[in-house]
Amino acid sequence: MKILVVCGNGLGSSFIMELNVKKALTELGKVAEVTHTDLASAKAEKADIYIGAEDIVNQLPEERGHIVSIVNMMSISEIKLKLIPLL
Amino acid sequence: MLTELLTKDTIQLANFVNTWQEAIHLAASPLLKHNKIEERYIEAMIHSIEKHGPYVVITPKVAIPHARHTEGVNALAMSLLTLQKPVLFGPKKPVFLIIVLAATDNASHLQALVDLTKILQVPNQIDSIIACQHKDDIIKEIQQIVAKE
């Protein structure tokens, strides 16, 4: 299982969210590879789940994998809620 | 790390601004003044939001504008602006706290971002910083939060 956290520039918000995704996985007792990148690279990188702000992940083609859009990137509970069905 | 970047020189308080673009210009002005960034970095942050939407609003009330380090960052830096009245970064995206990130590479700012995450994961802590009326109080709030285990 590979989860790619995506933001417009590949640093800043995507790194902060990577920390939160890892925290969410720990709380769920799940293991996955989590990395972060920018939107342009994400379009070329294969992952099982793409996660990020709505404005960003909606620009990814749907056939790439599961796309999860997050409203509050600091909310561990929102991240858990949206990841649970996919893990 | 965060407390070394967010200091009297880089923290500002304002009553209100008219647009989110003005908010970014004002928030980034200490970094420009101290030559940490070039003018084009400010334009790059604005362009990034125009292109991708208000994704820098990472949690309610808080925006962390940033762009690529190749777009005019001279040194790792951060600046913080609080607003008494919110500015809209998008529909239903009112922002009171703006933290400009200027990274020199993808690794050097990570500890500062870890510290920043500690602040932003608790809504009460965000409200405490927004409620501060003086720079010294903001610095104290940040020091207390970062020191927590």
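Which exposed residues sit on the face of helix 6 of chain B that is turned away from its buried side? We'll get there by walking through the model, which is a predicted one.

Let's start with chain A. Its secondary structure comes to four helices and four strands, and if you follow the chain from the N terminus, the elements run β-α-β-α-β-α-β-α. Chain A has a radius of gyration of 11 Å, close to the 12 Å that the globule rule gives for 87 residues, so it is as compact as a globular protein of that length. Picture its C-alpha atoms in a box of roughly 30 × 25 × 20 Å along the principal axes. Of the 87 residues in chain A, 45% are buried. And if you take the contacts between residues at least 6 apart in sequence, 54% of those in chain A join residues at least 24 apart.

Now for chain B, which has six helices and five strands. Read from the N terminus, its order is α-β-α-α-β-β-β-β-α-α-α. The radius of gyration here is 14 Å, close to the 15 Å that the globule rule gives for 149 residues, so chain B is as compact as a globular protein of that length. The box for its C-alpha atoms is roughly 35 × 35 × 25 Å, and buried residues make up 44% of the chain. Among contacts in chain B with a separation of 6 or more, 71% are between residues 24 or more positions apart.

So where do the two chains meet? The contact takes 15 residues from chain A and 23 residues from chain B. On the chain B side, the elements giving two or more residues are helix 3 (39-52), strand 2 (57-59) and helix 4. Helix 4 gives the most, with six residues. By type, this side of chain B divides into 14 nonpolar residues, eight polar and one charged.

Back to helix 6 of chain B, residues 135-147. At 1.5 Å a residue, its 13 residues should span 18 Å, and its end C-alpha atoms are 18 Å apart, which agrees. Buried in this helix are B:Ile138, B:Ile142 and B:Ile145. What covers the buried residues of helix 6 includes helix 1 (2-5), strand 1 (11-14), helix 4 (110-120) and helix 5 (123-131) of chain B. And the face turned away from that buried side carries the exposed residues we asked about: B:Asp136, B:Lys140, B:Gln143, B:Gln144 and B:Ala147.

Definitions and conventions
Residues are numbered from 1 along each chain as its sequence is written. Chains are lettered from A and ligands numbered from 1 in the order in which they are written. This is a predicted model: local features need pLDDT of at least 70, side-chain atom pairs count only at pLDDT 80 or more; totals for chains, interfaces and linings use all residues. The radius of gyration is taken over C-alpha atoms; the globule rule is 2.2 Å times the number of residues to the power 0.38. A residue is buried if 20 or more other C-beta atoms lie within 10 Å of its own, exposed if 12 or fewer, and partly exposed in between; C-beta atoms are placed from the backbone. Two residues are in contact if their C-beta atoms, placed from the backbone, lie within 7 Å. The expected span of a helix is 1.5 Å times one less than its number of residues. Ala, Val, Leu, Ile, Met, Phe, Trp, Tyr, Cys and Pro count as nonpolar, Asp, Glu, Lys and Arg as charged, and the others, Gly among them, as polar.
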